[in-house]
Amino acid sequence: MAEGAAGQERIGVYICHCGVNIAERIDVEQVAGFTSTLPGVVVARSYKFMCSDPGQELIKKDIREQGLNRVVVAACSPLLHERTFRRVLTEEGITPFYFQMANIREQDSWVHRDGGLATEKAKALVRAAVRRVSYHEPLEVREVPVNPDVLVVGGGIAGIEAALTLAEAGKRVYLVEREPSIGGHMAQLDKTFPTLDCSACILTPKMSDVGAHPNIELLTYSEVESIEGYVGNFKAKIRKKARKVTADCTGCSDCEDPCPITLPSEFDEGLRERKAIFRPFPQAVPNIYTISRKGVPACQASCPIHQNAYGYIALAAKGKFEEALDLILWDNPLPATLARVCHHPCEEDCSRRDVDQPLAIRQLKRLVTDTVGEWELPGPEAEREESVAVVGSGPAGLACAYDLRRKGYRVTVYEAEAEPGGRLSAIPAFRLPQEILEQEIARLEEIGIEIRRGSRVEVDKLLREHQAVFIAIGAPLEKLAIPGAELRGVIRGREFLASLRRGRPLEVGRSVIILGDDDRALDIARAAVRRGAKATLVSRLPQPKAASEEIEAVQEEGVRLETAVTPVRILGNGRVEGLECKTAGTEFVIEGETLIISAGGVPEAEAVAHLGLKLTAEGYLAADPLTLATDVAGVFAGGECVSGPLSVVEAMASGRKGAESIHRYLNGLDMYGARELEGPYASTIEVETSGVEQRPRQEGPRLPVAERKGFQEVQLPLEERAALEEAERCLKCAGCCDCRLCWTVCEPEAIDYTMEDELVEVEVGAVILATGYKTFDPRKIPQYGYGRYDNVLSGLEFERLVNSAGPTEGKVVLKDGSTPKRIAIIHCVGSRDERFNPYCSKICCMYSLKFAHLVKERTGAEVYNFYIDMRTFGKGYEEFYRRVRTEGVKLIRGLPGEIVQRDGKLHLIGENILLDEMYDLEVDMVILAVGLEPRADAEEIRRLFNISCSQDGWFLERHPKLAPVSTFTDGIFLAGACQGPKDIPDSVAQAGAAAAGALALIDAGQVKLEAYTAQIDASLCSGCRTCISLCPFGAIDFDEERRVAVVNAALCKGCGTCVAACPSGAATQAHFKDEQIMAEIEALLQEG
Amino acid sequence: MIEVEEIDRIVAERFLSLDYCYQCGRCTGVCPISAVSEFRPRKFLLGAQMDRAELLESALLWQCSTCDACVKVCPQKVKPPEVITSLRSRLVETGHLPQGVADALENIYRRNNPWGLPKGERAEWASGLSLRRFEQGLEWLWFVGCAASYDPRSQAVAKALVKILDHAGVEAGFLGEEERCCGDSARRLGEEGLFQLLAEENSAQLNETGAEKILTTSPHCYSVFSNEYPKLNGRVWHYTQLLAELVRAGRLAFAPGEELVVTYHDPCYLGRHNNIYEEPRAVLRAIPGVRLVEMARNREQSFCCGGGGGRMWVETEEREHPGAVRVREALASGAMVLVTACPFCLINFEEAVKSLSAEGALQVLDLAELVSMRLAEEKKDG
């Protein structure tokens, strides 16, 4: 029961004049007089400044003399002075919670004009406070110890300064930086205004101090992923992104040279390139390289055997053909074959498709194999005892044999036919010259794979000689499952291709119909055409499953394509006369003397019978789709004999899967785990293709149609120059191409491709956010032509250009290398602009003047600064402005309306306001003084740390004047430009202040917890858990035993959400109990 | 009927953005009229902030073409053309207006067209053509507009459009002599009352027809209908949008044509005022043999012909006509034809070509004319 009901309260009420702030509008004496009549009020006074010492003394005296036990002060906002008056109560031995403040300034005298009404409102507010205070209860203020460690987020100058200050004070600091090096924007700058000292020269010593400080744990290339807890006791999870280079890196830079990937250097604002293995700049801290790899690119992910196309293209583009081939051979023993016959799903998925056309990847593989010409396959590193039988020497069998052999197994391939290759050997020479395949098979034999030709086998016998068996006998026997298949003139595709291979092709007559859906059907059609027949290819698919090049070639050669057609029956009387087809509801007949069926093959019955394995209803071998295991232990089966029709590369993928399974089987490993990435999958890399210039794909030439009489190869290689141009079209989606050349040169063996992101958990008492800013993107103002005109630069670009460590070694030059004679600098780009950022970015006038000075110092160019208002507010800044004026810089008030490029020169068109005349100034270079903006992910950071942002998106300080580095979340401080645009001196000063704030918190040792916490009455709680999901601080747990919600007082911030949400009224909040609030409201609304 | 107070309120509202001006000068920098005369939008804004009557009543006030280039670059979201037309309203109210402006307003009021030609001659251009009076059941109501009805050069555009509509089988009808001025010039010249009257009458007339799709020849009619006629029911299309749609649907069959390098000028009231930049270009790209090149200033940065804002009826004092500046840019682009889609641009550019004696080098055509010239003889099905 609150004491208020007992009537023992003795209340003192004090009405503050606040000078004239309150007294000018409100009749304070009248309020005091009124108040003295209220029940429980012992004394009511007004005084000029209640917050002054005499004011406080007044209260103390009354407490002592009048025996007050409750106090109400009607003055300003409790945010300002509640603490002051509570202290008065504490000093007099009364619990500070027996105090209430009525705000009659911000909420009354300042906002109302009518003094009479304002006075009435003041009376009501005071009456409400008086009523409420009698219901107040003493509360317990608990204290918890503070963790003395600090987390600093952001390694720019502000983060560096804060970290060093704390570390020097003996505190342990975790400094988290997203980029590979600390330094932030300041590291990019050339000179700093107004003193013109070299930015790097004053920054890098501090950077090394950070790197070397025993109290600082530096976490670069890392991001805070989550944070929980409360002031004094935070727990942060930090993701250390995999830089794929260990701390053993000495920064020797040897790795840069072999890396074939160049990317725009972020540090140099894209004005020069860096390698995929890089450090942003030579003085980077830590001096460890980073490999920027974004994931597996689409070409590689979509490839059934995951050929590293991106890698070999990058190497080929640098003329490193041997290395490119080595990379290919890693996954593929048949490169010259696939360079000719692959249906290249990599090209279908190539990201370049979003710009114009996909890269001609297959042609680039051809370039590599053609250029290298002769090679050996990599053999096993160490021999093993176990031996494996592979039955069938098609693409599946060969790929399986190769992978197993490389692991050291002894491999014997059993081939029923006289020549190995399976379906590969049936490909006509106009697509795959026979000697190419023969060479590839010979290379496999050279690494110790034994191929037994013309050998029929039985599984039982094989298992006696070998520890495991892989069956890949293909599915060459076309089913003749169409009415009329018995007619004369119906030929199986396999027989026809075999007859070609024997050099005695079957007769096809003058017109032939080919039924089939893949490259085999195309081959047959093209061969038939070469025999002088008219060929029609009928496919059920909208487009046959074959490479685009082949579909084009087949049409060039005069084959008629009937796609998306269902064959109904073969027509004829004893002999084939035609094929009845159906498409989209209509039926039609294709005439032909011969019909070749090249679809729906199954394994040959005789071969299958020998093996003695189980079959599926469709006639394929039964095998587990994930492991390819058959029901006979140690026997695996893959390729078309299990799956039905596959492309060559898909069959090879099946073979590789079999090899993996056999390896696991022979070593007693888990057969099922970690097999998700076998076979094609979707790349997760998001590729930005906007703004990429269109460049048409280089198609490889083909033999002129007139010359395609015999079996000469049709697809010709790209000319090397064209091929290299084609390779240059690669968008480099993944960053690092995983070619691993850097690994070959790294002496300290610091490169670790297997490195994965790591999650680190740290516990800290305070957090300092110093996440900085980004600059305005001037593309948003099309009238200034940035991105369109070569010599319109952003401020940061000019910083790099003029920097002696920058891309031009500090020479101010135009894109064409020549020296500018006239340069314009435009102030206020993107700032003071309601369309973009309404605020002044504070630093642009000064850095624009600095640019003017630097241009004058480094070149003889004329400089024009276009400004609206010149803002040079800091120490030494106006003096610098004066100095620049003496250097011949022309200052024009009035920004150009637009920049137009005429004859290669930039024309600034605008109004010289002070001279009242128009200008059309021709210049060589324009520098846009772009303003500062919150980081793109500022909102995410805000949410992560549970702080606030101002409307502009900058992190919000607790008070713009009196608490500029604190936030509304206790224990989280702000430093630098993440709070708003700031120059270096201000950032450093703020960083010091933030560090001092953190130190004050830590050195207090204890932190008082919120007294206004919520409680849940277990006897009322229904266990609905509504409060648990709503609590923003995760302060409510569910007691499974009692089936009720329980508040963790240490985490509760007293926000009241649970109280409002609780459907059973079980949740209450200290100091905001229903009777307290109701008493206040009733008194407020009371008449009179 | 709209009350005087209501008109005063509208005029006053158009001043509101003025106070935010901080005199950066970008408006003047980008202003096509400032480029050729003593007109300075920034100075008018400053003058208005400081109540400088001598500046606000100067003849220069009538020079603004309301092209909106300044609006696009203003960092404080000030709308100088609205401020200027409001200033004009004050002068119109007190009768301080140039003779040409007074005449044009009088003509609009009495004869429903700024040229002052007889109402009865409005539909004469269409005599002998297949164009019908609008009636229920026709898909499109074509609001031909004053220029295309009376100005001989623009009548050719209307005729070309009739041919295109026929070719594509588009069912459209017009209002004939019943059509009235859309009021755009009246409003830009500050005669807010006359504009409100026309907007009321035209909205009522157009709504009564029941037409759901209203086609306009002029970007000016298009713009006021779309943005300033709150009571109009039908959806308004500029003809370039319809043409783009016909191209997309494959309803225009083009004949193979000679190689023609063209450049496209974005009319202010189509581009900046209404963001229609790509449709006319899509039409041009669809014409066989036509190669589109861009002028240095295109789309949002297009340079005004000088014809908007009622300027067609204002005596101007300028070093050079803005249309001539634009024609020089077109010449520099390497184009043989300057294509536009606004009757005022067409008139101004043709005069500019003559003044520059560039008749041999550059032809000026409306998009509708170029399309109709290149259509195949036979109609396309559907």
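Colleague: What area is buried between chain B and chain A?

Modeller: This is a predicted model, and the contact between the two chains takes 22 residues from chain B and 28 residues from chain A. Carbon and sulfur atoms give 45% of the area buried there. The area buried between chain B and chain A is about 2,200 Å².

Colleague: How many salt bridges are counted between chain B and chain A?

Modeller: Arg42(B) forms a salt bridge with Glu911(A). The closest N and O atoms of that pair are 2.7 Å apart, and the pair qualifies because the cut-off is 4 Å. Between chain B and chain A, the count of salt bridges is 4.

Colleague: Which element gives the most to the side of chain B that touches chain A?

Modeller: Between the two chains there are 14 residue pairs in polar contact, with both residues at pLDDT 80 or more. On the side of chain B that touches chain A, the elements giving two or more residues are α2 (26-30), α3 (41-49) and α5 (69-73) of chain B. With 4 residues, the element that gives the most is α2(B).

Colleague: How many charged residues has the side of chain B that touches chain A?

Modeller: Sorted by class, that side has 7 nonpolar and 7 polar residues. Its charged residues number 8.

Colleague: Within chain B, what area do domain 1 and domain 2 bury between them?

Modeller: Chain B is divided into domain 1 (4-97), domain 2 (100-245) and domain 3 (252-374). The C-alpha centres of domain 1 and domain 2 of chain B lie 28 Å apart, and their contact takes 11 residues from each of these domains. Carbon and sulfur atoms carry 67% of the buried area, which is about 910 Å².

Colleague: Which element gives the most to the side of domain 1 of chain B that touches domain 2 of chain B?

Modeller: Across this domain interface there are 0 salt bridges and 2 residue pairs in polar contact, both residues being at pLDDT 80 or more. The elements that give two or more residues to the domain 1 side are α1 (4-13) and α6 (80-94) of chain B. The element that gives the most, with 4 residues, is α6(B).

Colleague: How many nonpolar residues has that side of domain 1 of chain B?

Modeller: The side of domain 1 of chain B that touches domain 2 of chain B has 3 polar and 2 charged residues. The nonpolar residues there number 6.

Terms used:
Residues are numbered from 1 along each chain as its sequence is written. Chains are lettered from A and ligands numbered from 1 in the order in which they are written. This is a predicted model: local features need pLDDT of at least 70, side-chain atom pairs count only at pLDDT 80 or more; totals for chains, interfaces and linings use all residues. Side-chain values use heavy atoms; hydrogens and water are left out. Contact means heavy atoms within 4.5 Å. Buried area is the accessible area (1.4 Å probe) that two parts lose on being put together, summed over both. A salt bridge is a side-chain nitrogen of Lys or Arg within 4 Å of a carboxyl oxygen of Asp or Glu. A polar contact is a pair of N or O atoms within 3.5 Å; within protein, one must be able to donate a hydrogen and the other to accept it, and residues adjacent in sequence count only if both atoms are side-chain atoms. Ala, Val, Leu, Ile, Met, Phe, Trp, Tyr, Cys and Pro count as nonpolar, Asp, Glu, Lys and Arg as charged, and the others, Gly among them, as polar. Domain bounds come from an automatic or database domain assignment.
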